[in-house]
Amino acid sequence: MKYNEMTKNYVFRKFECGLTKQQTAELCFKSLRTVYLWDSGKTIPEECKRLMRMSRGRELSPTEDWEQFRMHYDKLELPTGQLVSPQEILCGIALAQINSELEIKISTKLLKLAREIARIKVQQSTKRSS
């Protein structure tokens, strides 16, 4: 397809989602002809767009809770940009479930410090923008 013939749908399917026409047709339970029509400008149904995004890890869930989370190859990309492996997630959950008294005290102190740091950062950014 030539540059001047590329539609937004073609760019979305090919470059943003990295899907071939065949993969798209199979994923969305559509014919290749339908995918060709989408590539030429016909509207892609929202449910198909969501499937295409989800298949490539660009969208984990339609809910807002997971909005800024992405799959990056074999790791989960957090809203902070940090990449975490499945083992790190399981380890974090296990540590959170232990809930010893000492850990609860330390967690409380850490949360207070994190909130204070965040408040200071907000204050500094508002001073800079003023």
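1. Of the contacts in the protein chain with a separation of 6 or more, 35% are accounted for by residues 24 or more positions apart; contact means heavy atoms within 4.5 Å. This is a predicted model, in which local features need pLDDT of at least 70 and side-chain atom pairs count only at pLDDT 80 or more, while totals for chains, interfaces and linings use all residues. Residues are numbered from 1 along each chain as its sequence is written, and side-chain values use heavy atoms, with hydrogens and water left out.

2. The protein chain has 6 helices and 3 strands, in the order α-α-α-α-β-β-β-α-α from the N terminus. Helices (H or I, at least four residues) and strands (E, at least two) are DSSP runs, numbered from the N terminus.

3. The radius of gyration is 22 Å, well over the 14 Å that the globule rule gives for 130 residues, so the protein chain is more spread out than a compact globule. The radius is taken over C-alpha atoms, and the rule is 2.2 Å times the number of residues to the power 0.38. The C-alpha trace spans about 60 × 45 × 20 Å along its principal axes. Of the 130 residues, 18% are buried (under 20% relative accessible area, 1.4 Å probe, protein chains only).

4. Helix α1 (residues 8-16) and α3 have axes that come within 7 Å and cross at roughly 120 degrees. Axes are lines fitted to C-alpha atoms, for helices over the stretch in contact, with angles from 0 to 180 degrees between N-to-C directions. The two helices are therefore oblique to each other; angles under 35 degrees count as roughly parallel, over 145 as roughly antiparallel, 65 to 115 as roughly perpendicular and the rest as oblique. N9, Y10 and R13 of α1 meet V35, W38 and D39 of α3.

5. The axes of α2 and helix α3 (residues 32-39) come within 9 Å and cross at roughly 115 degrees, and α2 and α3 are therefore roughly perpendicular. Their crossing is right-handed (the near helix is turned clockwise from the far one by less than a right angle). On α2 the contact involves K21, Q22, T24, A25 and C28, and on α3 L32, V35, Y36, W38 and D39.

6. Helix α2 (residues 21-28) also packs on helix α4 (residues 46-55), with axes within 10 Å and a crossing of roughly 115 degrees, again right-handed. T24, L27 and C28 of α2 contact C48, L51, M52 and S55 of α4.

Technical notes:
Buried < 20%, exposed > 50% of the residue type's maximum accessible area, 1.4 Å probe, protein only.
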